[in-house]
Amino acid sequence: MVPLTDRILDHFPDPTILLDGRRAVVYANGAARDLLDISGVGQDLAMSLRHPRVLDAVDEVLGRNENRTVEVTLPGNTTRNFEMHVSGVPPAPDTKSIGAVLVLRDQTTARRAEQMRADFVANASHELRSPLAALLGFIETLEGPAGGDEDTRVRFLGIMLREAKRMAGLIDDLLTLSRVEINEHVRPTAPVDIAGVLLNVTEALSVQAKASNMPIRVNYGTGLPTVHGEADQLFQVFRNLIENAIRYGGKGEAIDIRVEPADRIPGTGRSGIAVKVTDHGDGIPADAIPRLTERFYRVDKARSKSVGGTGLGLAIVKHIINRHRGHLGVESQIGKGSTFTVYLPAEAPRQGMLPSGEPVALPSSGKP
Ligand code: ADP
């Protein structure tokens, strides 16, 4: 019969190990056995965890009323970071032979989030610094003798305007992203007129589409349910997707938008609508698709910059769709084109009934 404490510890999510006064394993719960190669009781901890800092910390506290916390990184398919709490247990009749208790707390997600925040600040600064450096360079040149030449002045001012617009666009996108993130947990509950939103977007992009000779065709299926959402944010979603279709689709090729009912939205199982934005451009390599919604990820950096891209458009799309508890699907074929499908659920949740962190499947990314 397994003692009650062991059975309880077996259900603990954190790997937990009990050691005797000679550092041998007395007990390892299920999570610890899954994580470490602990073949049986009675073995020195060093057989399963060859981590000098952990072993030193254990040796220091064994049998004493002392604690240590050690950071542990475990290699594997994906590196995992743990914080290990090592508590010494002084000898006493009721502690039996236990000399120390080890508990591992998984810090992988927190570490990744920290790393992503740091990367994001570094990326955003870098993205702003390059147009700023160009502007400063041109201003200095114009202040010198070259500034007297009319042709040079006009040419440089044109470039300066483009670089300044790039910075303004980037700041707009950064602000949009942070605004969307702030209320991402609050699902919109008012009905939204998708046809009206799509009409506004196609009108706003009509000049751009015409300049590339790309007709935008919108088609509606029958039996469309009402969806709930925030019109301004959905405008932003479809604007970003259709603008990408114009930028990366083939010049002179049509852009097709199809709105149809969706029986089961991937990742949520609910019904709703699917809005498909299809271009007939170069397509996207399969290995790039899961990364598209990462901030500042671009398949072709030079091309994105030349068409005024910030690398944040699809990150914004992902967060808005997350807020709507929807799903973004991406299908693409090299040389044929791409389809971005926005799924939006139909029914609004009853107030107070929605679990706050409903899972939403999106193309996986570093920082969602
Ligand atoms: P950007 O501002 O660079 O367009 P996005 O986040 O909107 O940033 O898109 C990220 C990248 O995904 C783009 O740089 C481009 O390489 C690729 N991409 C997006 N939409 C399409 C599309 N319709 N066809 C081909 N590539 C696309």
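Modeller: Helices are DSSP runs of H or I with at least four residues, numbered from the N terminus, and the expected span of a helix is 1.5 Å times one less than its number of residues. This is a predicted model, in which local features need pLDDT of at least 70 and side-chain atom pairs count only at pLDDT 80 or more, while totals for chains, interfaces and linings use all residues. Residues are numbered from 1 along each chain as its sequence is written, and side-chain values use heavy atoms, with hydrogens and water left out.

Helix α8, residues 231-248, has 18 residues and reaches 25 Å from its first C-alpha to its last, close to the 26 Å expected. Its buried residues (under 20% relative accessible area, 1.4 Å probe, protein chains only) include L234, V237, F238, L241, I242 and I246, and also Q233, N240, E243, N244 and R247.

The partner is helix α10, residues 313-323, which packs with α8 at an angle of about 145 degrees, with the axes 9 Å apart; axes here are lines fitted to C-alpha atoms over the stretch in contact, and angles run from 0 to 180 degrees between N-to-C directions. In contact, meaning heavy atoms within 4.5 Å, Q233, Q236, V237, N240, L241 and N244 of α8 meet G313, L314, I316, V317, I320, I321 and R323 of α10. By class, this contact has 7 nonpolar, 5 polar and 1 charged residues, where Ala, Val, Leu, Ile, Met, Phe, Trp, Tyr, Cys and Pro count as nonpolar, Asp, Glu, Lys and Arg as charged, and the others, Gly among them, as polar.

Technical notes:
Helix = DSSP H or I, 4+ residues; strand = E, 2+ residues; numbered from the N terminus. Buried < 20%, exposed > 50% of the residue type's maximum accessible area, 1.4 Å probe, protein only.
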